[in-house]
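Hello! Here is the structure we talked about, so please open it and keep it beside this email. Below it I have written up what was found.

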Amino acid sequence: MPTWPARFVFACFKKVERWGDRLTGFAGPYFVAFAVLLFVAGTASFLNVVLPNLPYPWITIPPCLLIIVNLYAHYYYVCTVSPGFASDPPAHTGHTFTWAKKHATRRRPKGVQWSSSLNITPAHVTKCAKCGETKPERTHHCRVCNRCVLKYDHHCPGINQCVGLHNERHFVLFMAYVVTATFWYAVSGFWHCLDALGINDDEWNYLVHPIIFAVTYMISVVMCLAVATMLLWHMWSVSVGETSVESQDHDVYRRMAESRGESFANSYDLGKLKNIQLFFNIGKEGYPWYTLVLPLRVPPYTDGRSWARRPGYVRHAGVRAGEELTDEED
Ligand SMILES: [Zn+2]
Ligand SMILES: [Zn+2]
């Protein structure tokens, strides 16, 4: 039984946490506006100063333009495509030009796009103590949105919504394009930055103000390093079949299993290559690999009510029924 000072500290901590959530929700639109402003200033600087001076323009310009289009498209999608809420009816793949086309049209189990070569099992279902919604496995309640999100990863103020089942692919691709674009800007804009700072004696004859160029250049270098670190961490989680929440939960399960002399095994982990293929919904049974380099929408392999598991598994090894962590202690 916690003593009253412990309860008091806990209550204070909860209050601070609630204020933090409210602030995150309030600041979201400003973060998005700031990010758009930064992208536009950076793109204008690149297109005006760096692009016209690139060597072999017929070879170098098309990939640069493709990277820019992908960067904007995936940011637009990650901000506007709903992460998928437990209360929503299952989402359907669209037929407009923004959706990628799949070649194979074999019949598949309901709600799942991959064939039965995978061990696909229906998700365990519980009830959310916070919003009362029925939530399939891998769903978590977001305190900022106050809704239950399918395959919840985290709430991101930079996109003003959650990262979940339906927008996680765009989130990772957006990070990949941020890293590619800022890296290329940092490499190809170096001499121009020295011009902008007046270190070289060359004249500045561009529409973009040298201060804007120098500032976007320096922010690009910092963003490249910061986002590359986030991307690497995220890709590692994807490759082991975990979301950000699950990577924390699984550490707890691992310790719990070890204390009993058992070992924990994540039932969603189908091996690194398969996990990555399922995440991006590419490969033999998914979409073509080139959808990764096109600014298109690709649906997830599942509707979030069934999950691919290791053959022979119906739940994680080392965790008993009822021992799973819930959102209640959040
Ligand atoms: Zn909920
Ligand atoms: Zn949220």
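**What was found**

With 10 C-beta neighbours inside 10 Å, Val 187 counts as exposed. The terms work like this: a residue is buried if 20 or more other C-beta atoms lie within 10 Å of its own, exposed if 12 or fewer, and partly exposed in between, with C-beta atoms placed from the backbone. Val 187 has its place in helix 3. From Val 187 to Tyr 217 the C-alpha to C-alpha distance is 9.9 Å, and the two are 30 residues apart in sequence.

A word on the model itself: it is predicted, so local features need pLDDT of at least 70 and side-chain atom pairs count only at pLDDT 80 or more, while totals for chains, interfaces and linings use all residues. Residues are numbered from 1 along each chain as its sequence is written, and chains are lettered from A and ligands numbered from 1 in the order in which they are written.

**The whole chain**

The chain has 7 helices and 8 strands. Here helices (H or I, at least four residues) and strands (E, at least two) are DSSP runs, numbered from the N terminus. Taken along the principal axes, the C-alpha atoms fill a box of roughly 70 × 60 × 40 Å. Of the 330 residues in the chain, 32% are buried. Among contacts between residues at least 6 apart in sequence, 70% join residues at least 24 apart; two residues are in contact if their C-beta atoms, placed from the backbone, lie within 7 Å.

**Helix 3 and its partners**

Two packed helices are described by the angle between their axes and the distance between the axes. Helix 2 (residues 57-80) and helix 3 (residues 168-188) pack at about 145°, with axes 8 Å apart. Axes are lines fitted to C-alpha atoms, for helices over the stretch in contact, and angles run from 0 to 180 degrees between N-to-C directions. The crossing of helix 2 and helix 3 is left-handed, a term used if the near helix is turned anticlockwise from the far one by less than a right angle (right-handed if clockwise). Residues making this contact include Ile 67, Leu 71 and Tyr 75 of helix 2, and Phe 171, Phe 174 and Tyr 177 of helix 3. By class, the contact of helix 2 with helix 3 has 12 nonpolar, 4 polar and no charged residues. In this count Ala, Val, Leu, Ile, Met, Phe, Trp, Tyr, Cys and Pro are nonpolar, Asp, Glu, Lys and Arg are charged, and the others, Gly among them, are polar.

Helix 3 and helix 5 also pack at an angle of about 145°, with their axes 8 Å apart, and their crossing is left-handed. Among the residues that meet are Val 172, Met 175 and Val 179 in helix 3, and Tyr 217, Val 221 and Cys 224 in helix 5. The contact of helix 3 with helix 5 divides into 17 nonpolar, 3 polar and no charged residues.

**The cores**

How many residues does the largest nonpolar core have? There are 38, and those with the most contacts inside this core are Val 78, Val 149, Cys 162, Phe 174, Tyr 177 and Val 178. A nonpolar core is a set of buried Ala, Val, Leu, Ile, Met, Phe, Trp, Tyr and Cys residues joined through C-beta atoms within 7 Å. Elements giving two or more residues to this core include helix 1, helix 2, strand 5 and helix 5. The largest share, 10 residues, comes from helix 3. Apart from this core lies another, of 12 residues, among them Leu 118, Phe 280, Tyr 287 and Tyr 301.

Leaving aside its neighbours within four places in sequence, Val 78 is in contact with Ile 159, Asn 167, His 170, Phe 171 and Phe 174.

In helix 7 (residues 272-280), Asn 275, Gln 277, Leu 278, Phe 279 and Phe 280 are buried. What covers them includes helix 3, helix 5 (210-239) and strand 8 (306-309). Just after helix 7, Asn 281 takes a positive phi of about 55°.

Tyr 56, in the loop between helix 1 (4-50) and helix 2, has a positive phi near 45°. Is Tyr 56 buried or exposed? Tyr 56 counts as exposed because 7 C-beta neighbours lie inside 10 Å. Lys 151, in the loop between strand 5 (147-149) and strand 6 (154-156), also has a positive phi, near 45°. Lys 151 is buried, with 26 other C-beta atoms within 10 Å.
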